[in-house]
Amino acid sequence: MKSLTTYIAVLFFAIVTCLTSCVREDDEPALSEVSISRLYVSFSEFQLDEAQIPYNNLDIIDRADSSTSFESSLSHNSGIKGGAAVLFSPIAKYVFQSSDNSGNVKDTSIQVMSVLPETGAPAARGLISNGLLTKVRGLAYHHNRGTENLYVANIGNETRPSSIYLFQRPGNYRGRADIKQSIALGSLTPWSMAFKGTEENSDLYMSVTGAKKGIAIFSDILRKNPGVDSILNAESFPPRAVLTIADQGEIRGFSYSDRQDLLAVAAYTKTGDVSVGKILLFEKASLLLSSTSDRAITPTRIITGVLTGLKRPLDVAIDNRDGAEYIYVADADTKTVSRFLNTDDGNVKPNITKEFRLTPVALSLDARGPGEGVE
């Protein structure tokens with residue numbers, strides 16, 4: 001009887017061990033069963049006339065890599081008053097969208113939306129609201145060891161400096177949200193942001209414009225304890241390096257593909273009323289992004305010219321899958337999202353282009369192969 005009891009106990013332990021080992025860790029992204037190529041497009045307009053139908057400020061192009069179609073599969077009104085930055089995270093399984101907060105429309109919030117895995121269709125999950133979120137242009141999410149962090153880049157004004165704000169457990173807010181950490185950026189003016197990876201020591205990349213134009217790199221931002229170092233500045237927490245990009249005009253959004261080791265940066269020059277758009281491409285970018293001090297960097301290739309149709313690109317997204325070949329660009333002046341080949345150079349036509357009625361200002365690409373969950 002004792003041996004039977006022991007056998008049952010061992011069997012029970014083995015079953016429990018098997019079951020628990022098959023449970024996905026919270027900080028792992030959901031694995032895709034099929035290839036996913038889903039592009040989220042954020043639009044800046046807001047319908048002021050309450051008698052009219054509200055604008056949908058978020059579109060999804062599902063199968064963005066299709067060779068036959070480049071159309072929106074879904075159009076959605078997230079509830080914020082005009083869209084700005086947008087970010088999809090397969091780890092959080094959320095779409096974050098900040099408000100444009102311009103003109104007569106005041107909205108200092110970030111909408112948090114859950115998504116249907118099959119279609120990417122968003123649904124309201126929560127709202128992050130704080131009066132300091134006056135001009136959000138960058139969003140970066142990180143989940144490691146059970147800690148959920150949403151970093152927000154906000155352009156300053158006459159009374160407040162440009163800053164990075166941290167909100168923890170961002171899916172739990174339904175309105176007023178406390179900032180757990182604030183990092184004043186000094187002379188840097190932020191635009192888009194992204195983490196290098198999911199590791200605890202991942203670098204945070206941020207495109208910057210203004211006095212310094214290029215890519216700022218922050219090390220160990222995740223290891224700063226919000227309970228102790230709740231307020232930081234450019235002196236107490238400077239970037240490890242700023243990669244300056246000279247003579248290319250205004251710098252806007254960027255995208256980095258570690259698999260292709262390619263960095264793409266949206267930029268434009270403006271003379272009077274004439275804007276000329278560019279996509280700056282840096283090959284072997286990991287060598288640049290590992291810099292430990294400020295340095296100037298020069299593009300390996302530049303997509304620009306009349307045939308490109310680029311005038312004022314504000315954001316760019318690289319497909320990071322193995323064998324992927326596309327770069328997506330949102331252009332505000334032409335109200336288009338275009339798809340280029342990642343091997344393009346110079347004055348080339350886009351692979352495909354879609355024109356919108358509203359103004360696309362930001363992109364977020366969910367691109368995963370079967371069995372992949374890489375953000």
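Me: What makes the 4 strands an open sheet, and in what order do they run?

Reply: The order is β18-β19-β20-β22, with antiparallel pairing. Strands are DSSP runs of E, at least two residues long, numbered from the N terminus. Two strands pair if DSSP finds at least two bridges between them. β18 (250–257) and β22 (301–304) are the edges: each has a single partner strand, so one side of each lacks a neighbour in the sheet.

Reply: A word on the source: this is a predicted model, where local features need pLDDT of at least 70, side-chain atom pairs count only at pLDDT 80 or more, and totals for chains, interfaces and linings use all residues. Residues are numbered from 1 along each chain as its sequence is written, and side-chain values use heavy atoms, leaving out hydrogens and water.

Me: How do you know that β20 and β22 pair?

Reply: β20 (residues 274–283) and β22 share 4 bridges, in the antiparallel sense. Pairing takes at least two, so they pair. Ile279 stands opposite Ile303 in β22.

Me: Why is Arg339 said to have no salt bridge?

Reply: A salt bridge needs a side-chain nitrogen of Lys or Arg within 4 Å of a carboxyl oxygen of Asp or Glu. For Arg339, the nearest side chain of opposite charge, Asp65, is 6.1 Å away. Arg339 lies in strand β25 (residues 336–341).

How values were computed. Buried < 20%, exposed > 50% of the residue type's maximum accessible area, 1.4 Å probe, protein only. Lys, Arg positive; Asp, Glu negative; His and termini not counted.
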